[in-house]
Amino acid sequence: MKAKEIFEQAMDLCALRGSDGDGEPRMPGDLSDLSVRAVGILNVLMGEMHPLEERLTGQKRPYARIYGLEETVDLCEGICRCVLPYRLAALLIAEEDRELYDLLILHAREAAKGLLQDGASYRHSILEVYQ
């Protein structure tokens, strides 16, 4: 999923994206500072979601990074669609609306918990310390 799509969903959650007369979504021009901040925040969130990604896929992977909103976020679809938009929206709106921030974080936690219920598990050997 493209980082821009996650950003647009986050803007929808913050009610910062409207539509013009033909029904096409549009964003106000004054959101350029949020889009610049979104790249750095998404990189931090991708690092935070890395253990969840490994747990869901059952595979060890290197950490992913993006450099712009046009790039693809290299995490599983569930995280990109269900968790990242809420977390990004919460962090972008935190200073303006603490109540909305709390609600968005709650949704993100519930979404992550729901994803974990269906995640893949993996086995590893146990080190015997007493013999």
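Predicted model: local features only at pLDDT ≥ 70, side-chain atom pairs only at ≥ 80, totals over all residues.
Visitor: How many salt bridges are counted here?

Guide: Side chains of opposite charge can pair when their charged atoms come close. In this structure the count comes to seven salt bridges, and one of them joins Arg81 to Glu77, with the closest N and O atoms 2.5 Å apart.

Visitor: Where do Arg81 and Glu77 sit in relation to one another?

Guide: Both belong to helix α3 (residues 77–93), and because they are four residues apart there, about one helical turn separates them. Arg81 is partly exposed at 42% relative accessibility, and Glu77 is likewise partly exposed, at 43%. Elsewhere, salt bridges that share partners join Glu53, Arg61 and Asp74 into one network.

Visitor: Is Glu53 buried or exposed?

Guide: Glu53 counts as buried, since its relative accessibility is 2%, and the salt bridge it forms with Arg61 brings the closest N and O atoms to 2.4 Å apart. Arg61, for its part, is partly exposed, with a relative accessible area of 22%.

Visitor: Which residues line the largest cavity?

Guide: The lining includes Glu53, Arg61 and Asp74, and among the other lining residues are Met46, His50 and Tyr63. By class, five residues of the lining are nonpolar, one is polar and three are charged. The space inside this cavity is about 40 Å³, and a search of the whole structure finds one cavity of 30 Å³ or more.

Note on methods. Residues numbered from 1 in each chain as written. Heavy atoms only, no water. 1 Å grid on protein atoms, 1.4 Å probe; cavity = no way out; pocket = protein on both sides within 12 Å on 5 of 7 lines; lining within 4 Å. Points joined across faces, edges and corners; volume = space filled by probe spheres on them. Nonpolar A, V, L, I, M, F, W, Y, C, P; charged D, E, K, R; others polar. Salt bridge = Lys/Arg side-chain N within 4 Å of Asp/Glu carboxyl O. Buried < 20%, exposed > 50% of the residue type's maximum accessible area, 1.4 Å probe, protein only. Helix = DSSP H or I, 4+ residues; strand = E, 2+ residues; numbered from the N terminus.
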